[in-house]
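Please look over the sequence and the model shown here before reading on. The report is meant to be read with both in view.

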Amino acid sequence: MKVNRRKLLLGAGAGLGAAVMASDRRAQAHDGAAHSPPTRTSKVHTPDGWTLPYRLRDGVKEFHLVAEAIEHEFAPGSVAKCWGYNGTTPGPTIEAVEGDRVRILVTNRLGEPTSVHWHGLKLPSGMDGVGGLTQPHIPPGETFVYEFTLRQHGTHMYHPHSDEMTQMAMGMMGLFIIHPRDGEPEPIDRDYALLLHNWALHPGTFRPDPSIMQDFDIWTLNSKAFPATAPLVARTGERVRIRIGNLSMWNHPMHLHGVQFQVTGGDGGRWPKSQWRSEVTEIVGVGQMRDFEFVAVPGDWAFHCHMAHHTMGPMGHGIPNPIGADQSEVEARIRGFVPGFMAMGEHGMSEHQAHVDAGHMPGPKNTLAMMAGKGPFGNMEMGGMFTIIKVRDDIKPGDFEDPGWYRHPEGTVAYKVSSDPDFGQPIRRGKVSRSDSTPLLRPQRGHHNHH
Ligand SMILES: [Cu+2]
């Protein structure tokens, strides 16, 4: 029976059969019985996420997505009411194999209509999920069925095409990964998938603001902000792939330390080997996908967006640039009416974290520190779209547990040779500004600093 159905579907002259089957499928979609037990094909590891199990019904892989409101934690201290699929943002990763026929039920448990667009997939126009254009929007409470055959492989995505701005801003998105039928050109030992996103969760509020166009303040990998992002673990010598999709509203130059990776695929699926190229930073544009591959070398390697504001937690916008400004007088005056006020930023922003750590700055409720992340050598002063690739010699296959901090071989860590700012005979050109320099180099001055 399975064979017949498949033949009907794939056969050329299946007109009548297809019509009969269409009604058959509708009936099946409505009856919850006669399922095979859920199966999980998970070759890809979605850090901080998961792969959606499917049920095999008459040779079709059947997935069920539920669009719904959820509670989500970006990192400890920052919780929000978001929208997602099956309880999470991003929604679960859908994995299947080239040639599979998939049926995806979508139940709408939101308060407004939705639809799902299968971003990058080749499919019949009526399965493309554009509400109003290719199908009616799915009203609240209803379940629609999408069904198509996968005729490609690579890294793809899914997201709503109904009130898209709001629903994506609230977290509705997921990865759709199709494995090649005939294997990989280079065998992959660790296959990771990350979805880039941005959020406008104003400090002290609990719902992302969908009206924001540029002033996003939380930048995430799989909806987690560093230091809450899971590390990507690998064993020395393993071939690692990181698939990256971008459903945020900014382009992200993703930068990997320690190795040159090869870009092996993009929006159009996997690229022929002759088109692979070595990079250390690759822009993943809005709505794009890229596949990075490299052979793991031991260490703790930063992997992050290179837009410096995207590796930050929420910060106050529109503040004057304090770098180089002596704020001691102003600070004393403001303290007169705001006890505990602390001016900062004179020497750069890194003192910010030190103040937060010292308890000087409790900050507003429900937000993240602007710069966070503790490393074995102190504060990392990073947040947002940042994680760590942790490569060790003794990681077992299939082990994704955080192995802790890297133990550097002796003599391989940068070290101190002097505490004197005037140390050595550095070669300089131009004029050195004393006002922004380390305080030890400054002319001594009292509390009242008149010009
Ligand atoms: Cu970025």
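## Basis of the model

This is a predicted model, in which local features need pLDDT of at least 70 and side-chain atom pairs count only at pLDDT 80 or more, while totals for chains, interfaces and linings use all residues. Residues are numbered from 1 along each chain, as its sequence is written.

## The chain as a whole

The protein chain has five helices and 23 strands; these elements are DSSP runs numbered from the N terminus, with helices being H or I of at least four residues and strands being E of at least two. Of its 451 residues, 34% count as buried, where a residue is buried if 20 or more other C-beta atoms lie within 10 Å of its own, exposed if 12 or fewer do, and partly exposed in between, with C-beta atoms placed from the backbone.

Among the contacts in the protein chain with a separation of 6 or more, 71% are between residues 24 or more positions apart; two residues are in contact if their C-beta atoms, placed from the backbone, lie within 7 Å.

## The four-stranded sheet

Four strands form an open sheet with mixed pairing, in the order E4-E9-E8-E6, and two strands are said to pair if DSSP finds at least two bridges between them. Strand E4 (94–97) and strand E6 (117–119) stand at the edges with a single partner strand each, so one side of each is left without a neighbour in the sheet. Neighbouring strands of this sheet are turned by 25° against each other on average, direction ignored; the axes are lines fitted to C-alpha atoms, for helices over the stretch in contact, and angles run from 0 to 180 degrees between N-to-C directions.

Within this sheet, strand E8 (residues 154–159) pairs with strand E9 (residues 174–179) in the antiparallel sense over five bridges, and Tyr158 stands opposite Gly174 in E9.

## The five-stranded sheet

A further open sheet, of five strands and again with mixed pairing, has the order E12-E23-E20-E14-E18. Its edges are strand E12 (232–235) and strand E18 (281–284), each with a single partner strand, so one side of each is left without a neighbour in the sheet. Here neighbouring strands are turned by 20° against each other on average, direction ignored.

Strand E20 (residues 299–305) is mostly covered, five of its seven residues being buried. E20 pairs with strand E23 (residues 386–392) in the antiparallel sense over six bridges, with Phe303 opposite Thr387 and Gly299 opposite Val391. Strand E14 (residues 252–256) also runs antiparallel to E20, joined by three bridges, and the bridge partner of His255 in E20 is His304.

## Phe176 and the nonpolar core

The largest nonpolar core has 76 residues, of which Phe176, Leu194, Ala225 and Ile244 touch the most other members; such a core is a set of buried Ala, Val, Leu, Ile, Met, Phe, Trp, Tyr and Cys residues joined through C-beta atoms within 7 Å. Leaving aside neighbours within four places in sequence, Phe176 is in contact with Ile94, Trp118, Leu121, His156, Met157 and Tyr158.

## The surroundings of Tyr85

Tyr85 lies in strand E3 (residues 78–85) and is buried, with 28 other C-beta atoms within 10 Å. Not counting residues up to four places away in sequence, Tyr85 touches Leu65, Val66, Ala67, Gly91, Pro92, Met172 and Gly174.
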